Amino acid sequence: MRIYTKTGDKGKTSLLGGTRVPKHHLRIETYGTIDELNSYIGVIRDQEAASAYKDFLKKIQDNLFTLGSLMASDPEKDSMKLPQLAEEDVTNLERSIDEMDLELPVLRNFVLPGGHPANSFTHVARCVCRRAERLVVSLSEEADVDPITIKYLNRLSDWLFTFSRMMILKTGSDEIIWVPRK
């Protein structure tokens, strides 16, 4: 398989289904951001502190690849049978959040990203996840988007926040508390 096709050299690309759109199209921006998020999840998976969560993080990556393929398809032209997310995928995130919360100290303050690289990378992923969610919401205003997509990304950002705190706990690092100006 050839990596370069030269078909995008003039600033257009193809959606699944063949429709050509500008590379700045909202669909392209959306699935590109989901791809960026998936890459950060890979960076998190590579952190020693996350070793007990490698399989769960891989499942998240699989789900994000599914979301990316859904966002990359032209719903009016694509006849491919694409994988779908299910309510169970959201429930799995919620269950994991609840399990981590049992181990974590009660959150009494806002926390700042940092304290350990695993925490910092997770916060970056959380921010990219929120951007992906905003883009999907924007896309849903002009095209048909399965509501589970928005729900999954919303819950994933909650999971990433909770996981960032778990990374602090697992590394024995200190949470950095935000102290507002007086």
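Trainee: Which residues are linked in a network of salt bridges?
Mentor: Arg-130, Glu-133 and Asp-158 are. Bear in mind that this is a predicted model.

Trainee: How far apart are the closest N and O atoms of Glu-133 and Arg-130?
Mentor: They sit 2.9 Å apart. Both residues lie in helix 4, 3 residues from each other, about one turn of the helix.

Trainee: Why does that spacing matter?
Mentor: An α-helix has 3.6 residues a turn, so residues three or four places apart point the same way.

Trainee: Is Glu-133 buried or exposed?
Mentor: Glu-133 counts as buried, because its relative accessibility is 12% and the cut-off for buried is under 20%. Arg-130 is partly exposed at 28%.

Trainee: How many salt bridges does the count come to?
Mentor: It comes to 8. One of them joins Lys-170 to Glu-103, with the closest N and O atoms 3.5 Å apart. That pair links distant parts of the chain: Lys-170 is in helix 5, Glu-103 is in helix 3, and 67 residues separate them.

Trainee: What is the relative accessibility of Lys-170?
Mentor: It is 43%, so Lys-170 counts as partly exposed. Glu-103 is also partly exposed, with a relative accessible area of 44%.

Trainee: Which side chain meets Arg-165 in a salt bridge?
Mentor: Glu-175 does, at 2.6 Å from N to O. Arg-165 belongs to helix 5 and Glu-175 to the loop between helix 5 and strand 4, so the bridge ties together parts 10 residues apart in sequence.

Trainee: And is Arg-165 buried or exposed?
Mentor: Buried, with a relative accessible area of 7%. Glu-175 is partly exposed at 25%.

Trainee: Helix 5 keeps coming up. How many residues does helix 5 have?
Mentor: It has 25, and reaches 36 Å from its first C-alpha to its last. That is close to the 36 Å expected at 1.5 Å a residue. Just after helix 5, Gly-172 takes a positive phi of about 70°.

Trainee: Switching to the inside. Which residues of the largest nonpolar core touch the most other members?
Mentor: Leu-37, Leu-64, Leu-156, Trp-159 and Phe-163, out of 39 residues in that core. Helices 1, 2, 3, 4 and 5 each supply at least two of its residues. The largest share, 9 residues, comes from helix 5.

Trainee: What is Leu-37 in contact with, leaving aside its neighbours within four places in sequence?
Mentor: Its contacts are Leu-64, Ala-125, Val-128, Cys-129, Leu-153, Leu-156 and Leu-160.

Trainee: Where is Ile-177 found?
Mentor: In strand 4, which covers residues 176-177. Ile-177 is partly exposed, with a relative accessible area of 36%.

Trainee: What does Ile-177 contact, beyond its neighbours within four places in sequence?
Mentor: Asn-109, Phe-110, Val-111 and Leu-112.

Conventions. Residues numbered from 1 in each chain as written. Predicted model: local features only at pLDDT ≥ 70, side-chain atom pairs only at ≥ 80, totals over all residues. Heavy atoms only, no water. Helix = DSSP H or I, 4+ residues; strand = E, 2+ residues; numbered from the N terminus. Buried < 20%, exposed > 50% of the residue type's maximum accessible area, 1.4 Å probe, protein only. Contact = heavy atoms within 4.5 Å. Core = buried A, V, L, I, M, F, W, Y, C linked by side-chain atoms within 4.5 Å. Expected span 1.5 Å × (residues − 1). Salt bridge = Lys/Arg side-chain N within 4 Å of Asp/Glu carboxyl O.
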